[in-house]
Amino acid sequence: MTELIPVTIITGFLGSGKTTLLKRILQGNHGLRIAVIENEFAAESIDHGLLVQDGGEQIVEMNNGCICCSVRGDLIRILGELHAKRAAGSIAFDHVVIETTGLAAPGPVAQTFFAEPSVSEFYLLDAILTVVDARHAQAQLTAHQEAQEQVGFADRLLLSKTDLVSKAELAALRRRLAAINGRARMQKLSFGNVPLRDILNIRGFNLNAIVELEPDFLGELGHRHGDGVQSFVYHQAQALDLLQVENFLDAVVQLFGTQLMRYKGILHVAGLPCRAVFQGVHMLMGSELGAPWGDGETRASSMIFIGRDLPQDMLTRGLDRCVPGASSPASVLTGVMAEAVAGAAA
C-alpha cells in the first residue's frame, strides 16, 4: 500500500481508437485490477457502456468539459477519492488508466502528477500512450495544436487504421511523427490489439525530455480550446431502423463531413436483442453489434456529436425520422438532403 500507484494516460485525437484500446486493456490477461477515469468533451458519455466490466474495474466518468482545463480540478478530486477508498479497503486496484477526450492537451494532465502534492504523494505517471489515426492524422496535425501536443508528449505512438492508407502514406506519416517526437516508439495498433507488456508498467515517462519539449511544464501550463468546437447528445427512447440511420448520416456527411469531427453512439435497433455500436470520424463511419441488453434494462439510443457549427436541429429531426414507421429510407434521405442544401445555402 506504500508503493506509488502507476498511471497510464491514453490520449489521441477524436476518433483515433482510444476506447477500443482501453477495452482491449480491460480484457487483457495481465492480472491487474484497473481503475478507469474517462473524460468526454460532451455532457454525457457512451463509452461506459462499451467497456467490459467483468473484472471488478472501477470506472469513473468526467463529462461536459476537457480534462486538461475546465475539469482538471475534478481529476485531482477523483484521484484523491480513489486513493482514500483504496486505503480504506472499500475498493481494490493496482493501476489507473485515464482516457482523455480527443481534444485534450496532455501537458496539463501529466503536470498534475508532479505539481499537485496530494496526487504525487500516491501516484506515479507510468506512460502517455497516444493513439494516432493513420487515415486522418496528417490533416489533424496540420489543423489542431492539440493533435501535435498529443504526439509530442507521447511515450508510445500507437498507429491505428494503418490498413486504410498506402505504404507511402504510412511512411510519410511516420516521418512526420518522428520529426515531432523522435524518442517515442511507434507501433501498429489493430482494433486495439497491442502487446500489453509494451504499454503497461513500462516506466516510460521521461520528465527531462518533457521539460525540454515544454520548459514551463513544472510551472503554469494553461490550455484553452479554440476552433469553435462544440458537442451535443441525441437521445431517442423508441427503437431505430439501423439502415435508415446509416443512410441518413451518409447523406449528412456528404455536406457536413468536415464539420462533423466525431460522432458515436449506442443504438436501440428494432428487432435486435443487443446494442448496435455506431462510430464515425469525418466521412468514415461504421457500425457493429455490441453487448446484449440486460433483463429489465431500459433500451434507448444515445449519440454524441462533436464538431464545428453542428447542424443540431437538422440532425435531431433526421434521426427522429429514423424510427420505424415514421418515414421510409427514401423520404428520410430526400428530407435530409433538402434541409442540408437549404442550410448550406443559408
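This is a predicted model: local features need pLDDT of at least 70, side-chain atom pairs count only at pLDDT 80 or more; totals for chains, interfaces and linings use all residues.
Student: What is the accessible surface of the chain?
Tutor: It comes to about 15,000 Å², and carbon and sulfur atoms hold 50% of that. The areas come from the Shrake-Rupley method with a 1.4 Å probe, and for residues only the protein chains shown count as cover.

Student: What share of the contacts links residues 24 or more positions apart?
Tutor: Among contacts with a separation of 6 or more, such pairs account for 76%. A contact means heavy atoms within 4.5 Å.

Student: Turning to strand S5, why is it described as largely enclosed?
Tutor: Strand S5 covers residues 123-133, and ten of its eleven residues are buried, so the rest of the structure largely encloses it.

Student: Which strands pair with S5?
Tutor: Strand S1 (residues 5-11) pairs with S5 in the parallel sense over seven bridges. Strand S6 (residues 156-160) also pairs with S5 in the parallel sense, over five bridges. Two strands pair if DSSP finds at least two bridges between them.

Student: Which residues are bridge partners there?
Tutor: Val7 has Leu125 of S5 as its bridge partner. Asp133 has Ser160 of S6 as its partner.

Student: How many cavities does the structure hold?
Tutor: There are two cavities of 30 Å³ or more, and the largest cavity contains about 70 Å³ of space. Of the 13 residues that line the largest cavity, the closest to its centre are Phe13, Val131, Val132, Ala147 and Val151. On a 1 Å grid over the protein atoms alone, a cavity is a set of points where a 1.4 Å probe fits but cannot get out, and lining residues have an atom within 4 Å of a point. Grid points are joined across faces, edges and corners, and a volume is the space filled by probe spheres set on the points.

Student: Which elements supply that lining?
Tutor: S5, helix H6 (137-143) and helix H7 (145-152) each supply at least two residues of the lining of the largest cavity. The largest share, four residues, comes from S5.

Student: What is the lining like by class?
Tutor: The lining of the largest cavity has seven nonpolar, five polar and one charged residues. Here Ala, Val, Leu, Ile, Met, Phe, Trp, Tyr, Cys and Pro count as nonpolar, Asp, Glu, Lys and Arg as charged, and the others, Gly among them, as polar.

Student: Is Gln140 buried or exposed?
Tutor: Gln140, which lies in helix H6, is buried, with a relative accessible area of 6%. Leaving aside residues up to four places away in sequence, Gln140 touches Phe13, Leu14, Asp133 and Ala147.

Student: And where is Gln187?
Tutor: Gln187 lies in strand S7 (residues 185-189) and is buried at 12% relative accessible area. The C-alpha atoms of Gln187 and Leu159 are separated by 6.0 Å, although the two residues are 28 residues apart along the chain.

Student: Now strand S12: which strand pairs with it?
Tutor: Strand S9 (residues 260-267) pairs with S12 in the antiparallel sense over six bridges, and Gly265 has Met303 of S12 as its bridge partner. Seven of the eight residues of S12 (residues 301-308) are buried, so S12 is largely enclosed by the rest of the structure.

Student: Finally, what phi does Lys161 have?
Tutor: Lys161 has a positive phi of about 60 degrees although it is not a glycine. Lys161 is in the loop between S6 and helix H8 (167-180) and counts as partly exposed at 21% relative accessibility.

Note on methods. Residues are numbered from 1 along each chain as its sequence is written. Side-chain values use heavy atoms; hydrogens and water are left out. Buried means under 20% relative accessible area, exposed over 50%, partly exposed in between (1.4 Å probe, protein chains only). On a 1 Å grid over the protein atoms alone, a cavity is a set of points where a 1.4 Å probe fits but cannot get out, and a pocket is an open set with protein on both sides within 12 Å along at least five of seven lines; lining residues have an atom within 4 Å of a point.
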